[in-house]
Amino acid sequence: MIAGLIFYFFAALAVLSSLFVVTRKNAMHSVMYLAFTVLSVAGVFFSLQAEYLGAIQILVYGGGIVVLYIFVIIIVNLNEIKPERRKLFPRMFIFSLPALLFLQIINVLFTNRPTPPAGPEAGLSFTSFAEMLFSTYLIPFEIASILLLAVLIGAIIVARKKLLHDPD
Amino acid sequence: MIPINAVFGLGLLIFFIGLFGVLFRKNLVIMLMSLELLLNGVNVLLAGLSYHMRSPRGSIFAIFIIIMAVSEAAVGFGLVLSYFRQKKTYDMDEFNELKG
């Protein structure tokens, strides 16, 4: 009961603030609302008993990605963007695709479906999480670490000022 | 027990709002933010399924999605910075160098 109330509270917060992310004109306001969205999604994770996921969400999104966005918006100075001048066909496309998805959301919300059966492995405990992550999913985990190393090097090389073969 | 329809509705709504932002906005930085919203919606779906099936697999998959989102943000911002240095704009309508 309490978990349900917490879930609905954070769900409403997340939906409201993500709407503000998309609709604000000033990019810095959007970043602040993005931080708000990310923290409320972390609250949703806590109410769904995914504590580790919520903690990682707060650390990585709230602490890392939002700060990265703020730095980029400070570096890239904010000049005005001219209002929309799209042709009729692309405008129809960008209106119809979200509208179809929204109809699908209504459909999902108002059909009754049985809850999926419990899997063979029981429990959401931190121990079972860690055991499965480091046994069944060990190879993807190691590949993810290689991906992070590649991203570290790649982002530095892409964002640096001088080219690699520049003699200076 | 939180009903699965509520979790699905929340995840799909966040995904929908993010898709709306990617398609409608013309500011490149706000489009990247909307991409983060898309990934967050998928993470909510995975965490909800993990909760309902009493299995940690969904959370593990969501962890990998978070790793991928961080990589995407870092490289995406590198590209935005290097593009901005050359063109001095991040209006999506100015990105037409490949047009014949």
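How many salt bridges does the rule find across the interface of chain A and chain B?

1. Zero salt bridges are found between chain A and chain B. Keep in mind that this is a predicted model. Polar contacts do occur: ten residue pairs between the two chains make them, with both residues at pLDDT 80 or more.

2. Now the extent of the interface. Chain A puts 87 residues into the contact, and chain B puts in 70 residues. The area buried between the chains is about 7100 Å². Carbon and sulfur atoms account for 76% of that area. On the chain A side, Val22(A), Leu48(A) and Tyr69(A) supply 9% of what chain A buries against chain B, more than any other three residues.

3. Which elements of chain A give two or more residues to the side that touches chain B? They are H1, H2 (27-47), H3 (51-75), H4, H5 (126-135) and H6 (138-159) of chain A. By class, this side of chain A has 60 nonpolar, 17 polar and ten charged residues.

4. Take the pairing of the two H1 helices. H1(A) contributes residues including Phe7(A), Tyr8(A), Ala11(A), Val15(A) and Val22(A). From H1(B) come, among them, Val7(B), Leu10(B), Ile14(B), Ile17(B) and Gly21(B). The contact residues are 14 nonpolar, two polar and no charged.

5. H1(B) also packs against H4(A), residues 88-109. The axes come within 9 Å and cross at roughly 175 degrees. Over 145 degrees counts as roughly antiparallel, so H4(A) is roughly antiparallel to H1(B). H4(A) uses residues including Ile94(A), Phe95(A), Pro98(A), Phe102(A) and Leu109(A). H1(B) answers with residues including Asn5(B), Phe8(B), Leu12(B), Phe16(B) and Phe24(B). The H4(A) and H1(B) contact has 18 nonpolar, two polar and no charged residues.

6. Last, a pairing inside chain B. H2(B) covers residues 28-53 and H3(B) covers residues 57-87. Their axes come within 9 Å and cross at roughly 175 degrees. H2(B) and H3(B) are therefore roughly antiparallel to each other. Charged residues do feature here: the contact divides into 15 nonpolar, five polar and two charged.

Technical notes. Residues are numbered from 1 along each chain as its sequence is written. Chains are lettered from A and ligands numbered from 1 in the order in which they are written. This is a predicted model: local features need pLDDT of at least 70, side-chain atom pairs count only at pLDDT 80 or more; totals for chains, interfaces and linings use all residues. Side-chain values use heavy atoms; hydrogens and water are left out. Contact means heavy atoms within 4.5 Å. Helices (H or I, at least four residues) and strands (E, at least two) are DSSP runs, numbered from the N terminus. Ala, Val, Leu, Ile, Met, Phe, Trp, Tyr, Cys and Pro count as nonpolar, Asp, Glu, Lys and Arg as charged, and the others, Gly among them, as polar. Axes are lines fitted to C-alpha atoms, for helices over the stretch in contact, and angles run from 0 to 180 degrees between N-to-C directions. Angles under 35 degrees count as roughly parallel, over 145 as roughly antiparallel, 65 to 115 as roughly perpendicular and the rest as oblique. Buried area is the accessible area (1.4 Å probe) that two parts lose on being put together, summed over both. A salt bridge is a side-chain nitrogen of Lys or Arg within 4 Å of a carboxyl oxygen of Asp or Glu. A polar contact is a pair of N or O atoms within 3.5 Å; within protein, one must be able to donate a hydrogen and the other to accept it, and residues adjacent in sequence count only if both atoms are side-chain atoms.
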